[in-house]
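Please look through the model shown here before reading the notes.

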Amino acid sequence: DAHLRMLCREFIDTHDPFEPEKLPWPDLDAASVAKLRGLPFWDEAIRTERRTGAKVTAYAAEESPPLLREAVALQGYEETRHAALLDTLIRRYDISVDPGPEQPLPTNLEAAFMRTGYGECIDSFFAFGMFALARETEFLPSALLNVLEPIVQEEVRHILFLVNWVAYKRQQRPAPLRPLYRLRCLASFAGAASDRARSAGNVARGAGGDAKSTSAS
């Protein structure tokens, strides 16, 4: 119970109540805007953030006790806000995106929450390094990266929450069943890795299509 209160209060108390539209979005020069528009992952990023927000928000309604439900609901709000932040970015810099149609929610929302959380672990393993490289190499202006920094910080919080949530859920099970729960976690991680490999393939195909279109034009 003490662990549950700590993980929930830590998550809730560190929430940053920013509004994407009110962030200090910088005016970018033509070269920087061209770099943004040339990045191949916008479709996949918008699609993933919207779907993640919907799944986590839906799962929150099933969670208990109330304090844990509040924390998960807050994460759902933050994930939905990530999508809103990206929407604001693509509108401001006139980036063309096609996230595709909305997909129905999974029937097992708890399993989806775990798989989504492990997916964020995999995403962040690469994304944090890419973000740091973009800053170190000045690939994008620091003013824009500063605006996007809250997403990085929130992903850190989400990963810390997931790890502690998994530990809490495992501890609620009888001792003989806890090894099975670990296997479930491993299967969930493998599923998340498969999802990310498929997403990477979509991004690569999109980048190839853009390159062909550019060459043809």
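1. Lys55 is buried (under 20% relative accessible area; exposed is over 50%, partly exposed in between, with a 1.4 Å probe and protein chains only), yet Lys55 has no salt bridge. A salt bridge needs a side-chain nitrogen of Lys or Arg within 4 Å of a carboxyl oxygen of Asp or Glu. The nearest side chain of opposite charge is that of Asp195, 6.3 Å away; Lys and Arg count as positive, Asp and Glu as negative, while His and the chain ends are not counted.

2. This is a predicted model, in which local features need pLDDT of at least 70 and side-chain atom pairs pLDDT 80 or more, whereas totals for chains, interfaces and linings use all residues. Residues are numbered from 1 along each chain as its sequence is written, and side-chain values use heavy atoms, leaving out hydrogens and water.

3. Which residues does Lys55 touch, not counting those up to four places away in sequence? They are Leu105, Pro106, Leu109, Ala112 and Thr116, where contact means heavy atoms within 4.5 Å.

4. Lys55 belongs to helix α3, residues 42-60; helices are DSSP runs (H or I, at least four residues), numbered from the N terminus. The buried residues of α3 include Trp42, Ile46, Val56 and Tyr59 as well as Lys55.

5. The whole structure has zero disulfides, a disulfide being a pair of cysteine sulfur atoms within 2.5 Å. The sulfur of Cys8 is too far for a bond because the closest cysteine sulfur, in Cys185, is 17 Å away. Cys185 is in no disulfide either, with the sulfur of Cys121 nearest at 11 Å.

Conventions:
Helices (H or I, at least four residues) and strands (E, at least two) are DSSP runs, numbered from the N terminus.
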